Amino acid sequence: MKRFLVYGGLAIMVFAVGAALIWDSSIANPPTVADFPINIAEGESLYLESCASCHGANLEGQEDWQSPGDDGQLKAPPHDETGHTWHHPDSLLFTYTKLGGKKTLAAQGMEFNSGMPGFGDQLSDTEIWNIIAYIKSTWPDRVRANQAERTAAESISQGE
């Protein structure tokens, strides 16, 4: 009986890990910016419609963004070079925007009370990439280069 429980538990664990790996292809294999035609002007317009209410019309984020609000959630960070957006590879920026912060981080095994909603139901993948391209277009060359290196390093580590 004990052996049955051990093997049964292992089988369930293997199934759960396998299911988690294929659970959401947009997390495991998000599309890349190269898969879409980019329109920075459209990205700016979409940013102002969908993102500026939290992240600021000038990408400045909310005041005191590094401290939690009364609800325990961190405030919306800036997307200009003073924030941490550029510290992340393209795939994370895309997935975070499409699925939202909580779901994206949960898929990576982290529990985080993110206030970032998912926009996958309101924005197409192309529209999300256009917003990201607009944000990146506002960064100084050195910041864009650093972020591009992070994206390239992630691609190499994933065997792309």
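**Cysteines and aromatic pairs**

Modeller: Happy to! This is a predicted model, and searching the whole structure turns up zero disulfides.

Biologist: How far from C51 is the nearest cysteine sulfur?

Modeller: A disulfide needs two cysteine sulfur atoms within 2.5 Å. C51 is in no disulfide, and its nearest cysteine sulfur belongs to C54, at a distance of 8.7 Å.

Biologist: Is C54 buried, partly exposed or exposed?

Modeller: Buried means under 20% relative accessible area and exposed means over 50%. C54 has a relative accessible area of 40%, so C54 is partly exposed. C51, by contrast, has 12% and is therefore buried.

Biologist: Thanks! Now the rings: how many aromatic pairs are there?

Modeller: A pair of aromatic rings is described by the distance of the centres and the angle of the planes. The number of aromatic pairs in the structure is two.

Biologist: Is the pair of Y47 and Y134 stacked, tilted or edge-to-face?

Modeller: The ring centres of Y47 and Y134 are 5.7 Å apart, with 50° between the planes. Stacked needs under 30 degrees and edge-to-face over 60. That leaves the Y47 and Y134 pair as tilted.

Biologist: Which helices does the pair of F94 and W129 link?

Modeller: F94 and W129 are stacked, at 4.9 Å centre to centre and 15° between the planes. The two residues are 35 apart in the chain, and their pair links helix α5 (residues 90-99) with helix α7.

Definitions and conventions:
Residues numbered from 1 in each chain as written. Predicted model: local features only at pLDDT ≥ 70, side-chain atom pairs only at ≥ 80, totals over all residues. Heavy atoms only, no water. Phe/Tyr/Trp six-rings, centres within 6.5 Å; stacked < 30°, edge-to-face > 60°. Helix = DSSP H or I, 4+ residues; strand = E, 2+ residues; numbered from the N terminus. Buried < 20%, exposed > 50% of the residue type's maximum accessible area, 1.4 Å probe, protein only.
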